[in-house]
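Walk through this fold one piece at a time. Keep the picture open as you read.

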Amino acid sequence: MSSVFSQPKVIYKIHFITNYQSREVLENFFPEDVPGISAYEVDSETIEARDNDLWSIEVYFAEKQDLQQLQKSLKIYAAENDALIASEITEEFIEDKDWVAEYHKQLKPIEIGRFLISADKEIDFGDKLPIFIEASRAFGTGDHATTSLCIESMEQVGAAQLESIFDVGTGSGILGFAAEKIWQDAKILACDIEEVSVKIAKENAVSNNSSVEFYQNSEDGLEIPNAWNGQQFDLIVSNILAEQLIAMAADFRKLLHIEGKII
């Protein structure tokens, strides 16, 4: 039986480079029923996206396209909408595979300080502290520099006796799990504005036998659960973009204990 989530056995990928300003315009050229569209940044001088940053667009089709006609139509559409196409428009055939299995074959445990992060519970962790994180749609598998730097920073603070910790923008939950292993007696609260991230973090909590409390906040505020109202945190850790951190600085100051630390 097929479903709306079924993956076609044959996939053809159309690829080109554009800029951030043109990305959404060019994505709208393609039919809504294509199997998928992927967009990711390939060149930028800043953390926040700017109009002239270069982005890669990959569009997936279940059937082979008339590449010459598609190239012509897309270029006309781009010209009419003042959008940039900064590369050739190419087509690639992608063979059918179990991509989740293929990805997991390539995954290697990630070592950060005293921790070893892995999706595989059967590996030898030696004297490392294990954190189990499945590759998923939630940010935080340990392979990004900002994640590892946050964990390393927490380890440097580790000698301090902390009773309460708040992880803002938790993603996969990885920083909350690391904090829980560094400060075993601490109460830990963690939030994310993405519903899927909170769901995945709670699933990862089961794998890690964790008691971190996860909840979903909104873009309007942190909306601390009632049970935590009035809590002054000894540590706030937040691995999100600078713009959002600046916007929440006043809230962090109110929530942080007078001798508390922020990462």
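Strand β6 covers residues 115-118, and it pairs with β7 in the parallel sense over four bridges. Two strands count as paired if DSSP finds at least two bridges between them. Strands are DSSP runs of E with at least two residues, helices are runs of H or I with at least four residues, and both are numbered from the N terminus. Ser-118 stands opposite Phe-132 in β7.

This is a predicted model: local features need pLDDT of at least 70, side-chain atom pairs count only at pLDDT 80 or more, and totals for chains, interfaces and linings use all residues. Residues are numbered from 1 along each chain as its sequence is written, and side-chain values use heavy atoms, with hydrogens and water left out.

Now widen the view. Three strands form an open sheet, in the order β5-β6-β7, with mixed pairing. β5 (110-112) and β7 (129-132) stand at the edges; each has a single partner strand, so one side of each lacks a neighbour in the sheet. Neighbouring strands here are turned by 25° against each other on average, direction ignored. Angles run from 0 to 180 degrees between N-to-C directions, and axes are lines fitted to C-alpha atoms, for helices over the stretch in contact. Contact means heavy atoms within 4.5 Å.

Next, the helices. Helix α4 (residues 145-157) lies across β5 and β6, at about 35° to β5. Helix α5 (residues 174-182) lies across β6 and β7, at about 155° to β7.

Last, the cysteines. The structure holds zero disulfides, meaning pairs of cysteine sulfur atoms within 2.5 Å.
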